[in-house]
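Hi everyone, thanks for coming. Let me put it on the screen.

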Amino acid sequence: FQVRPRKPRGLGAVPAPAAMASPAVSPDSSSHEALSSVNSAPACSPTSDSENLSPDELELLAKLEEQNRLLEADSKSMRSMNGSRRNSGSSLVSSSSASSNLSHLEEDTWILWGRIVNEWDEWRKKKEKLLKELIRKGIPHHFRAIVWQLLCSATDMPVKNQYSELLKMSSPCEKLIRRDIARTYPEHEFFKGQDSLGQEVLFNVMKAYSLVDREVGYCQGSAFIVGLLLMQMPEEEAFCVFVRLMQEYRLRELFKPSMAELGLCIYQFEYMLQEQLPELNIHFRSQSFLTSMYASSWFLTLFLTTFPLPVATRVFDIFMYEGLEIVFRVGMALLQFNQAELVQLDMEGMSQYFQKVIPHQFDSCPDKLILRAFQVKYNPKKMKSRLEKEYAAIKNKEMEEQIEIK
């Protein structure tokens, strides 16, 4: 994958699906170095990993850190505001000025990512902390196709050779897939129209996967993930990445017919809510506003049905490197950010708020969302060992009771 770094001018001549990624998801739209100081986010200052960095890389990181100091200061001022939602909104708009100052870094960022791709093995082994920080800042959208494939080791999979044969076969899920295709990114140009290229390749990938994994077959939410992949890369590559995501990123367990893993994720998220936002948790319970009512789609579609694509793709960048932890972090950050408004609403009001207000709060500054997410307390050891065992014990007891009833 020898990518020759090019200057990011005249980027229009890109293959159609890649070009359809929103222009907001671009090299100059991302910077949040300040997040590195919080939980499980290793510090990445200009001296971090310095023995492996060139002077150019050190200079770029120093520039990024300076911009993030502006973002962090802006974020703190936003948190200190306790006025109406209108005030919060104006704060968000004004904060975008800090991000706009990053435009002069576009060319440096472009060259750096070209170097990362060409020296991938070295970066994964020797500059892992730095790579993590750069991914959190956002992968430039013209590099996403190759970087996502490299991140999940989907560049040389044997299943790719089966793809054309799988398309010749029939799947029992074909009718279901056809029915749902038009509901996947219905407003996106690539997927508009019954005979559009987007709908055809989306059908192909979903059908092929339903044949290689007959236990899972087809699950509706998964089409949004495949759709995002198809905006970045050809269908054979998207198929391989999706297979890898299902195998290695807990997605297969989420999409199994029993959806047991989704139940576990909801249980873990409820624990975080109860521990970190007890007042909001009590309010949700008093209104019978169940966690599954708003958070299920977060886990099943990785926020792709929640946020506009530029913001959701930034979250997906991090998911590709760090897994489902980012879903817990972003979800909790959203609740922290909106707690004051939510505790004043009834169930119907909260439902409307989750559908209409929350999705667009970070349109102009996705960096703020990522920054807030990495300020959330998250204990992977507790989530893995203690809560998984607790949930398994609860489900086993439920099964025993059902057997007794039968």
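Let's start with the surface: the protein chain exposes about 18600 Å², and 51% of that comes from carbon and sulfur atoms. Do keep in mind that this is a predicted model. Of the chain's 406 residues, 55% count as buried. As for secondary structure, you'll find 21 helices and zero strands. And if you take the contacts in the chain with a separation of 6 or more, 79% of them join residues 24 or more positions apart.

Now please look at helix α6, residues 128–137. How much of this helix is covered? Mostly covered is the answer, with eight of its 10 residues buried.

Next, a helix pair. Two packed helices are described by the angle between their axes and the distance between the axes. For α11, residues 222–232, and α12, residues 235–248, the axes come within 9 Å and cross at roughly 135°. The two helices are therefore oblique to each other, and α11 passes α12 in a right-handed crossing.

Which residues meet there? From α11 we have S222, I225, V226, L229 and L230, and they meet E235, A238, V241, F242 and L245 of α12. Sorted by class, this contact has eight nonpolar residues, one polar and one charged.

Technical notes
Residues are numbered from 1 along each chain as its sequence is written. This is a predicted model: local features need pLDDT of at least 70, side-chain atom pairs count only at pLDDT 80 or more; totals for chains, interfaces and linings use all residues. Side-chain values use heavy atoms; hydrogens and water are left out. Buried means under 20% relative accessible area, exposed over 50%, partly exposed in between (1.4 Å probe, protein chains only). Helices (H or I, at least four residues) and strands (E, at least two) are DSSP runs, numbered from the N terminus. Axes are lines fitted to C-alpha atoms, for helices over the stretch in contact, and angles run from 0 to 180 degrees between N-to-C directions. Angles under 35 degrees count as roughly parallel, over 145 as roughly antiparallel, 65 to 115 as roughly perpendicular and the rest as oblique. A crossing is left-handed if the near helix is turned anticlockwise from the far one by less than a right angle, and right-handed if clockwise. Contact means heavy atoms within 4.5 Å. Ala, Val, Leu, Ile, Met, Phe, Trp, Tyr, Cys and Pro count as nonpolar, Asp, Glu, Lys and Arg as charged, and the others, Gly among them, as polar. Accessible areas come from the Shrake-Rupley method with a 1.4 Å probe; for residues, only the protein chains shown count as cover.
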